[in-house]
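Colleague: Could you walk me through this model and tell me what stands behind the words you use for it?

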Amino acid sequence: MNKATRKTVIAGNWKMNMTPSAAAKLISELAPKVAGKNECDIVLCVPFVDIDAAIKAAEGTNIKIGAQNVHFKESGAYTGEISAAMLCEVGVEYVIIGHSERRQYFGETDETVNLRTKAALAAGLKVILCLGELLEARQSGITEEIVSMQTKLDLAGLTKEDLKNVIIAYEPVWAIGTGLTATPEQADEACGVIRNVVENLYDKETAEALTIQYGGSMNDANAKELLAKVNVDGGLIGGASLKSDAFAAIVDAAQ
Ligand code: PEP
């Protein structure tokens, strides 16, 4: 595995936090702290209504803006949903798909994750595709099976070319927002499982080029150790992305 050839991506997931004015303030605080830190891509995935303010605040900086979901239909009677074309037109580059909170609270399935991913890629967005096992699965010793199955179902029908615009975020559900973090070894192992599945589905070149993030209570104190692992190419960060100092320290850990 050649970690050096892969893009490290540090992405924040603000979840349902921050009004547009708070978003602009946080980005203007963060920007000078991460200026010139070009060893990783820096992305903030913000609530839909914050996108405009976030893009304006991030103009001229090395911070890119993403959304937290996208619908798979192009348009129509889908009240409350947002299409990929809408995101592109307002300047969004990335979109999170399949976050465990969407799977847990909003009925997201591997099938809809796959449909959303296809729609986002077709529109030219980069996808941060989240998957990971529940605590019961880890305790039952079936993490590998679950993560492998999710990878296969979520990527079904995607081409090698599509994979160039996909980042996979391995997010063990038991570690998200709980303060529990996977050990660097657990994170590396699961990210390695995903990479192997991708190699079997596509080829070695595609697998080695794929950015695989770890997410689950990553913070300024544990980021360095997690990011040092050969299969961990970045982080998807919830809570710690809401504080400019903590998030900037994670970006530092990725340099
Ligand atoms: C997340 O929202 O994807 C996440 C990993 O959250 P936290 O860092 O708060 O666990």
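Modeller: Gladly! Ala 169 stands opposite Gln 213 in β7. This is a predicted model, where local features need pLDDT of at least 70 and side-chain atom pairs count only at pLDDT 80 or more, while totals for chains, interfaces and linings use all residues. Residues are numbered from 1 along each chain as its sequence is written, and side-chain values use heavy atoms, with hydrogens and water left out.

Colleague: What makes β6 and β7 a pair?

Modeller: Strands are DSSP runs of E with at least two residues, helices runs of H or I with at least four, numbered from the N terminus. Two strands pair if DSSP finds at least two bridges between them; β6 (residues 166-170) and β7 (residues 212-215) have three, in the parallel sense, so they pair.

Colleague: In which order do the strands of the barrel run?

Modeller: Eight strands close into the barrel as β1-β2-β3-β4-β5-β6-β7-β8, with parallel pairing.

Colleague: Why is the crossing of α1 and α12 called right-handed?

Modeller: A crossing is right-handed if the near helix is turned clockwise from the far one by less than a right angle, and left-handed if anticlockwise. Helix α1 (residues 20-34) and helix α12 (residues 244-253) pack at about 30°, axes 9 Å apart; their crossing is right-handed, so the turn is clockwise. The angle is taken between N-to-C directions, from 0 to 180 degrees, with axes fitted to C-alpha atoms over the stretch in contact.

Colleague: Which residues make that contact?

Modeller: With contact meaning heavy atoms within 4.5 Å, they include Leu 26 and Leu 30 of α1 and Phe 247 and Val 251 of α12.
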